[in-house]
Amino acid sequence: MSVDTTAVETVNQAFYTAIENADLDRMTEIWAEDLDSEQVSCVHPGWPIINGRQEVLRSWALIMANTPYIQFVLTDIRVMVLGDVAILTCEENILTAGDEGDSSFAAGKVVASNTFVRTSGGWRLWLHHGSPVLQGDDDEEEEAA
């Protein structure tokens, strides 16, 4: 495994840890700065695309403020480094809790593509795209094989 691959995996894990801990300060450190003509982007499952660092961070602040508990178990992690850009794909196996006072939990799966750019401060997140996996899709794929 290359030094860059390890560094990308480390910042990717920090991204998910920031979500789990509702740590907006750490999330702010992880996202790249907008460039003059290009903006960072984020696609949360079921949401329209969000462009611009300020808007992306605002979306995470809303999610963190309205999520009493969330845990990610990442599987099928794959990293490809192409110069100063890296693409990491993974499956987010997610456990969330209901509203405060509600003892229910829900589980779900999202496939994610995270694109990182190399900066003077290290690898930073440029694009996060999460897409929900509908229940039953795994069974259909196995039957088709």
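Of the 145 residues in the protein chain, 32% count as buried. The model is predicted. Its secondary structure comes to four helices and six strands, and along the sequence these follow the pattern α-α-β-β-α-β-β-β-β-α.

**The largest pocket**

The largest pocket holds about 370 Å³ of space. Its lining is made up of 22 residues. Those nearest the centre of the pocket are Pro45, Ile70, Glu92, Ile94 and Val110. Both helices and strands contribute to this lining: α1, α3, β3, β4, β5 and β6 each supply at least two residues. The table sorts the lining residues by class.

| Class of lining residue | Number of residues |
|---|---|
| Nonpolar | 14 residues |
| Polar | six residues |

**A nonpolar patch on the surface**

Four residues, Met80, Leu82, Val85 and Ile87, form a nonpolar patch on the surface. Together they have about 320 Å² of accessible area. Two strands are involved: β3, which covers residues 70-82, and β4, which covers residues 85-97, each supply at least two residues of the patch. These two strands are also among the elements that supply residues to the lining of the largest pocket.

Met80, one of the patch residues, lies in strand β3. Its relative accessible area is 44%, so Met80 counts as partly exposed. The reason is that this class lies between buried, under 20%, and exposed, over 50%.

Terms used: Residues are numbered from 1 along each chain as its sequence is written. This is a predicted model: local features need pLDDT of at least 70, side-chain atom pairs count only at pLDDT 80 or more; totals for chains, interfaces and linings use all residues. Side-chain values use heavy atoms; hydrogens and water are left out. Patches are made of residues with over 30% relative accessible area and no salt bridge: like charges are joined within 9 Å, nonpolar side chains (Val, Leu, Ile, Met, Phe, Trp, Tyr) within 5 Å. Accessible areas come from the Shrake-Rupley method with a 1.4 Å probe; for residues, only the protein chains shown count as cover. A salt bridge is a side-chain nitrogen of Lys or Arg within 4 Å of a carboxyl oxygen of Asp or Glu. Buried means under 20% relative accessible area, exposed over 50%, partly exposed in between (1.4 Å probe, protein chains only). On a 1 Å grid over the protein atoms alone, a cavity is a set of points where a 1.4 Å probe fits but cannot get out, and a pocket is an open set with protein on both sides within 12 Å along at least five of seven lines; lining residues have an atom within 4 Å of a point. Grid points are joined across faces, edges and corners, and a volume is the space filled by probe spheres set on the points. Ala, Val, Leu, Ile, Met, Phe, Trp, Tyr, Cys and Pro count as nonpolar, Asp, Glu, Lys and Arg as charged, and the others, Gly among them, as polar.
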